[in-house]
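Subject: Structure handover, salt bridges

Hello,

Here is the structure I said I would pass on. My notes on its charged side-chain pairs follow below.

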Amino acid sequence: MTLIKSISGIRGTIGGKIADNLTPIDAVKFASAYGALIKKRNPNKEKLTVVIGRDARISGKMISSLVANTLVGLGIDVIDLGLSTTPTVEVAVPLENADGGIILTASHNPKQWNALKLLNEKGEFLNGSEGEKILELAESEDFAFAEVDDLGSNTKDTSYVEKHINEVLNLELVDVEAIKKANFKVVVDAVNSTGGIFIPALLKELNVACVELYCTPNGQFPHNPEPLKEHLTDISELVVKEKADFGIVVDPDVDRLALVSEDGSMFGEEYTLVACADYVLGRLKGGNTVSNLSSSRALRDVTQKHGGKYTASAVGEVNVVIKMKEENAVIGGEGNGGIIYPASHYGRDSLVGVALFLSHLANQKLSCKELRDSYPSYFMSKNKIQLTPEIEVDNILETMATKYADEDVNTIDGVKIDFTEEWIHLRKSNTEPIIRIYTEAKSQQAADALAERFINEIKSLFE
């Protein structure tokens, strides 16, 4: 079964049986539930508007037209950005004074997947209770469609490449002049999705020479689209061959940013946020930051260096954003290369990330590798334990929290135990029958050893 319904939206593989996969019927059902929620939230508003956009997946055009026409059938006006990015749709919702937004993308999942990512009127992801309401509405099919004279309209708008780029260039801390003078040369791997449209267009405006690798938005992903080291050998080699200053890698919907140093080594997804935060905090003379519990301690170190306060949130972009608002954070995000910069908007945005990173590199006058080497080095190990139905995960997590109560323990999302030199985060997955085990230490050997120790301790509880 590959249809995953969660509070953050619906995702699944194309084809197959209804309710088991993301079929046209399922796309219509969940678009209807979303439209019904928007209507319930705005009972006195005569005309409602929703912005939609999609990545370059092969199934994108089909899913997008199903969703658009379903909303039109509910009497909702649609502004269709066509080939777009997750952050672009997030930016467009408030600019259009729209009542919500839907991005058709399965993010870093392989090409057979697609999904509906759902936004509120601020262009931010729906919260947990709103997500639950959509699941209930979809289950009960409690939606009424519009009569013929009250159908919505469908307007195409292709102006948002330019609008989003201008929004980024106008950010106060994006140092356009310094970037232009630096005469950077970069290689871009956009995994043949919409980053291949947006990132080169942004770089052109900044006078950055751009070597395009997999920038044709045809949805034929040339490698696994998750921007991890093992998937990035092609760009690693091309950066060295082209004598580029660094490489830029984005996922299919352009909300995760990974960097490759000039010697072909990985800058590290965890360190994209660290570098951008270092720049922002340096320019602002301090400020608070937030990342999730599974993200690197390096952000905390950099934040404290600038006299700011670091706070960890539960995993998930919605949770990071809530905590950022509570802490009045000036920058935040997730260790998977997701940069959230509130001066722009409360959503992960690789265009913003690229512009801030280029500003930092131009002002520091360091190479990409030198900049990476200037940050504290931490090493991560990411593991999982397969579960069987009879295993009580909550009891296991509770036992571990009690056992290590003398350490610094956080239980807002699973159990995170902070030791002096290292940490471990245990949490159950929302989508798979597994316990995720993330560790970080000052060497790869220590991170792996810590993970192995806890895996054995956990297994001893149910064997």
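**Salt bridges in the predicted model**

R453 has a relative accessibility of 35%, so it counts as partly exposed. Its salt-bridge partner is E457, with 3.3 Å from N to O. E457 counts as buried, because its relative accessibility is 15% and the cut-off for buried is under 20%. Both residues sit in helix 15 (residues 444–462), and being 4 residues apart they are separated by about one helical turn.

Please keep in mind that this is a predicted model.

R41 and E121 form a salt bridge through their side chains, at 3.0 Å from N to O. R41 belongs to helix 1 (residues 24–41), while E121 is in the loop between strand 6 (113–119) and helix 4 (128–140), so the pair ties together parts that are 80 residues apart in sequence. R41 is partly exposed at 35% relative accessibility, and E121 is partly exposed as well, at 33%.

The side chains of E269 and R256 also meet in a salt bridge, with an N to O distance of 3.0 Å. This pair links distant parts of the chain, 13 residues apart: E269 is in helix 9 (residues 269–284), and R256 is in the loop between strand 10 (246–250) and strand 11 (257–261). Both E269 and R256 are buried.

Finally, salt bridges join K117, D253, D255, E317, E334 and R348 in a network.

Regards

Notes:
Residues numbered from 1 in each chain as written. Predicted model: local features only at pLDDT ≥ 70, side-chain atom pairs only at ≥ 80, totals over all residues. Heavy atoms only, no water. Salt bridge = Lys/Arg side-chain N within 4 Å of Asp/Glu carboxyl O. Helix = DSSP H or I, 4+ residues; strand = E, 2+ residues; numbered from the N terminus. Buried < 20%, exposed > 50% of the residue type's maximum accessible area, 1.4 Å probe, protein only.
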